[in-house]
Every structure is written in C-alpha cells, then in structure tokens.
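I wanted to go through this model one feature at a time and write down what I looked up. My entries follow the order in which I worked.

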Amino acid sequence: MSFSFTNPEPDRDDQSFSFTGSDPADIDRQLQTITDMAHEILRLVANVRSQINT
C-alpha cells in the first residue's frame, strides 16, 4: 500500500491524499485505525484544555 499527497504545499487548504493497495479491506482497516487515533488525540487535547482552564 502507498500513501501520497497530491498537493503537499503546506500553505494550501485544498491538500488531498490517496491510498492505493491491493486489498480494499486492509485500506479500510488502516483508515479506521487512523480515525480512532485522531479521536483519541482530540479527546486528550480536550482533557488537557479543561485542566488548564480550571
């Protein structure tokens, strides 16, 4: 599987990326793992913010 940015310029809002691979189910699992990690990061950030604000 490969992962690539089609427009890697950091100052652009229209960045996109694509996944390629032979097994769509594997790509779906990896995307779900990334989603789960992102949710956990956001949860931890919210926790830290609440601790800072109290």
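I began with the side chains of Arg-29 and Asp-26, which meet in a salt bridge with N and O 3.7 Å apart; I count as a salt bridge a side-chain nitrogen of Lys or Arg within 4 Å of a carboxyl oxygen of Asp or Glu. Arg-29 and Asp-26 are three residues apart in helix α1, and therefore about one helical turn separates them. An α-helix has 3.6 residues a turn, so residues three or four places apart point the same way. Asp-26 counts as partly exposed because its relative accessibility is 27% (buried is under 20% relative accessible area, exposed over 50%, partly exposed in between, with a 1.4 Å probe and protein chains only).

Before going further I noted the ground rules. This is a predicted model, in which local features need pLDDT of at least 70 and side-chain atom pairs count only at pLDDT 80 or more, while totals for chains, interfaces and linings use all residues. Residues are numbered from 1 along each chain as its sequence is written, and side-chain values use heavy atoms, with hydrogens and water left out.

Next I asked which other residue Arg-29 pairs with, and found a salt bridge to the side chain of Asp-23 (3.8 Å, N to O). At a relative accessible area of 35%, Asp-23 is partly exposed.

The structure holds three salt bridges, and I also looked up the one between Glu-40 and Arg-43, whose closest N and O atoms are 2.7 Å apart. Both residues lie in α1, three residues apart; Glu-40 is partly exposed at 35%, as is Arg-43 at 45%.

I then checked the elements, taken as DSSP runs numbered from the N terminus (helices H or I, at least four residues; strands E, at least two). The chain has one helix and two strands, in the order β-β-α. The 30 residues of α1 should span 44 Å, and its end C-alpha atoms are 43 Å apart, which agrees; the expected span is 1.5 Å times one less than the number of residues. Buried residues make up 4% of the 54 residues.

Last I looked up pLDDT, the predictor's confidence in each residue from 0 to 100. The chain averages 78, and 63% of the residues score at least 70. Where pLDDT is low, the predicted coordinates should not be read in detail.
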